[in-house]
Amino acid sequence: YITDDGYFAKMNYMKDIVELEGFTYLNTLDYAGIDVATDYFDSGHSNILGARKSSDLLGQLISEEYKISDKRNQKGYESWDVSYETFLENYNEVNNNKEAYTKRDGD
């Protein structure tokens with residue numbers, strides 16, 4: 001995970017612009033329980049574990065803010081259910097074998 005001053009300056013700059021335009025800036029590191037030791041594949045990209053945490057948080061916020069209902073297991077959304085099952089298979093593979101999929105010192 002990149003933690004130098006330049007990175008934080010860029011993030012703060014983007015946050016200011018987003019909020020100035022009237023939108024909410026969301027840093028998932030602050031709210032999703034991201035652990036850079038297990039939720040990142042390399043110094044700049046999350047693995048599926050981190051992506052799920054971020055997605056779960058974003059989904060919760062969208063659902064609450066825009067009152068969008070959950071479409072799982074509803075008629076017309078079957079392809080989404082199949083995709084989710086495939087995602088869970090991949091997620092469980094990574095979660096059960098974290099040492100092969102997470103960032104290690106020197107990588």
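Let me begin with a definition: two residues are in contact, or touch, when they have heavy atoms within 4.5 Å of each other. With sequence neighbours up to four places away left out, D39 touches G33, I34, S46, N47, L49, G50 and K53.

Before going further, a word on provenance. This is a predicted model, in which local features need pLDDT of at least 70 and side-chain atom pairs count only at pLDDT 80 or more, while totals for chains, interfaces and linings use all residues. Residues are numbered from 1 along each chain as its sequence is written, and side-chain values use heavy atoms, with hydrogens and water left out.

I return to D39. Its place is in the loop between α2 and α3; helices here are DSSP runs of H or I with at least four residues, strands are runs of E with at least two, and both are numbered from the N terminus. D39 counts as buried because its relative accessible area is 2%; the term means under 20%, exposed means over 50%, and partly exposed lies in between, with a 1.4 Å probe and protein chains only. The side chains of D39 and T38 are joined by a polar contact of 3.3 Å. Such a contact is a pair of N or O atoms within 3.5 Å; within protein, one must be able to donate a hydrogen and the other to accept it, and residues adjacent in sequence count only if both atoms are side-chain atoms.

The next residue is N47, in the loop between α2 (28-31) and α3 (48-66). N47 is buried because its relative accessibility is 8%. At the start of α3, a side-chain oxygen of N47 comes to within 2.9 Å of the backbone nitrogen of L49. A polar atom of the N47 side chain also lies 3.1 Å from the backbone nitrogen of G50. Beyond four places in sequence, N47 touches T38, D39, Y40, F41, Y101 and T102.

Now to α3 itself. Its 19 residues reach 26 Å from first C-alpha to last, close to the 27 Å expected at 1.5 Å a residue, where the expected span is 1.5 Å times one less than the number of residues. Which residues of α3 are buried? They are I48, L49, G50 and L57, and they pack against α2, α4 and α5 (98-101).

After α3 comes K67, whose phi is positive, near 55°. K67 lies in the loop between α3 and α4 and is exposed because its relative accessibility is 69%. N73 is found in the loop between α3 and α4, with a positive phi near 60°. At 71% relative accessibility, N73 is therefore exposed. Most residues other than glycine have a negative phi.

Finally, the pockets. A pocket is an open set of points on a 1 Å grid over the protein atoms alone, where a 1.4 Å probe fits and protein lies on both sides within 12 Å along at least five of seven lines; lining residues have an atom within 4 Å of a point. The largest pocket holds about 780 Å³ of space. Its lining has 20 residues, of which G59, D70, R72, W80 and Y84 lie nearest the centre. α3 gives the most to this lining, with nine residues. The second largest pocket holds about 330 Å³ and is lined by F23, T24, L26, L58, L61, I62, E64, E65 and Y66.

Terms used
Grid points are joined across faces, edges and corners, and a volume is the space filled by probe spheres set on the points.
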